[in-house]
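Please look over the structure shown here before reading the report. The report then takes up a few of its parts in turn.

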Amino acid sequence: MAAFVVLLLGVTGCAASSERPEPGVLTVGVREPAGLLPADLRDQTGRMIVGALWTPLVDYDAATGTTTLRAAEAVSSTDQMTWEVKLRNGNQFHDGTPVTAKSYVDTWRTVAAERWTGSVALTEVLRAKEISAPDEHTLRIVLDRPFGQVPAVLAAPALLPLPASVLASRDWAGFAVNPVGNGPFRLAGPWQPNSGGRLLRVGEAAGNVREIQLRVGDSVAQYAQVRAGSLDLATEVPGARHEAMHQDFADRHAMWPLPEVSYLAFPMSDKRFEDAAARHAFAMALDRAALAAGPLANQVDPAAALLPPGIAPGERSATCRPCTHDQAAAKSLLGQVAFTGPVTLYFGAAQEQWAQPLAEQLRTALALEVTARPRGDQAPQPSDAPFLLTYAPSTASPHELLTALAKTTGLPDEGFAQLLAAADAAATAAESGQRYRLVENHLLRDLPLAPLWSGHGHAVWTPRVHQVIATPLRGIELASISL
């Protein structure tokens, strides 16, 4: 599988603007972020901004298993249970205080204790028995089992260090609008809701962009502003402009996978779904492409596997049959188990726009009475009816998503556990990729849930913008852009 990194250079022109661009200043259109606390990020705007404000220990590409050292000078282990991370000298927070090994230890303890969104990276994926700082440049991590995915976890935004000042004050709300990181840019002042903020480059780092003006606005308006040249970069493209994007910005647009994936989960307690044929019938009755182009407004990619592209290791060796729309096969499979309706399909608030059309597809394709019904976001997952599940992994490791899916559906049997342990303990990236695919195939065979689609991001830019790179966990790499 090719690495999911987009590198595109703008070389052609567009409509001229009467507003003369300011040298060294990049203007970027964004959506209002939910917050800028690294361990509690909930949207791609927040991930992108935090990616400019902080430098992670490493970068990790799940598709190739490649680790690139950043704030870390070395990451090593002799047995995959005890890991040592050596920090580079001279790394500082924007308030001038040093980033030490203790900064990470104290931050990680706080993240786990606060149970922020990204805390699963520590509590459910890393599962360390001990995290310590033998000296100011060394982190020691002792795990409860062999786990070769530690570099993937170290790249997670939740593990970015926080300065001692906020760890002492615990003013998380204040920090979320005026964060202090250790990255190539700093925030010039508190984030202004519904307006934006300014990022200023720190030191003499490479790149000719000295300031980034982040402007909150409507994606339709921002798309038009980039076409007119009054905005340099728009980080979202509305569904109505998805097709036009390829003509309006032929070589000045990017698409990349997001860490967001949706499934249709089946209740094993409902006797009608005990036979895998019924579950496969529901999966194959769905026309994912029609839903993606319709109610989902071209913001997703129909699933071709259980694992989404942003965290998928290596190439799949076989087609995902339950990901394929085949209405005739679906009806035939359902007929083999004498399935009867009615069926209630539960969905959450964020899934409302596509839950009803999906239920209608099942109703038509399978000749069943299927009703979509909302459930409260705090309500437990139904145990007696199918439900829609959307998961946003906090790390690039397949371990996180595979474990979460099995736990959600109550499937983790001995075979699954053995396959997952072997994948976790694999000695090389190539071996781990092959073994995680075996775990995926195990779930696809039993199909406790059907893959639907994964999200993708879009960006368009003017001819003065170059070196636009996007990665799954952080989106647009603002620090890499040149003018």
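## Basis of the model

This is a predicted model, in which local features need pLDDT of at least 70 and side-chain atom pairs count only at pLDDT 80 or more, while totals for chains, interfaces and linings use all residues. Residues are numbered from 1 along each chain as its sequence is written, and side-chain values use heavy atoms, with hydrogens and water left out.

Helices (H or I, at least four residues) and strands (E, at least two) are DSSP runs numbered from the N terminus.

## The sheet

Strands of a sheet pair through backbone hydrogen bonds, in a parallel or an antiparallel way. Here two strands count as paired if DSSP finds at least two bridges between them. The open sheet has four strands in the order β5-β6-β8-β7, and the pairing is antiparallel. β5 and β7 (128-135) are at the edges with a single partner strand each, so one side of each has no neighbour in the sheet. On average, neighbouring strands of this sheet are turned by 15° against each other, direction ignored.

Helix α2 (residues 101-114) lies across β6, β7 and β8, and runs at about 155° to β7. Contact means heavy atoms within 4.5 Å. Axes are lines fitted to C-alpha atoms, for helices over the stretch in contact, and angles between N-to-C directions run from 0 to 180 degrees.

Strand β5 (residues 72-77) pairs with β6 in the antiparallel sense over five bridges, and Val75 stands opposite Val85. The hairpin of β5 and β6 has four residues between the strands, and Gln80 takes a positive phi near 65° there. β6 is also joined to strand β8 (residues 138-143) by five bridges, and these two strands run antiparallel. In β8, Ile141 is the bridge partner of Trp83, and Arg140 is that of Glu84.

## Two helix pairs

Two packed helices are described by the angle between their axes and the distance between the axes. For helix α14 (residues 414-424) and helix α15 (residues 429-446), the axes come within 8 Å and cross at roughly 165°. These helices are therefore roughly antiparallel to each other. Angles under 35 degrees count as roughly parallel, over 145 as roughly antiparallel, 65 to 115 as roughly perpendicular and the rest as oblique.

Helix α11 (residues 327-336) packs against helix α12 (residues 352-366) at an angle of about 70°, with the axes 9 Å apart. That makes α11 roughly perpendicular to α12. Gln327, Ala330, Lys331 and Leu334 of α11 make the contact with Thr364, Ala365 and Leu366 of α12.

## Thr408

Thr408 belongs to helix α13 (residues 398-409). Thr408 is partly exposed, because its relative accessible area is 25%. The C-alpha atoms of Thr408 and Thr364 are separated by 28 Å, and the two residues are 44 residues apart along the chain.

Terms used
Buried means under 20% relative accessible area, exposed over 50%, partly exposed in between (1.4 Å probe, protein chains only).
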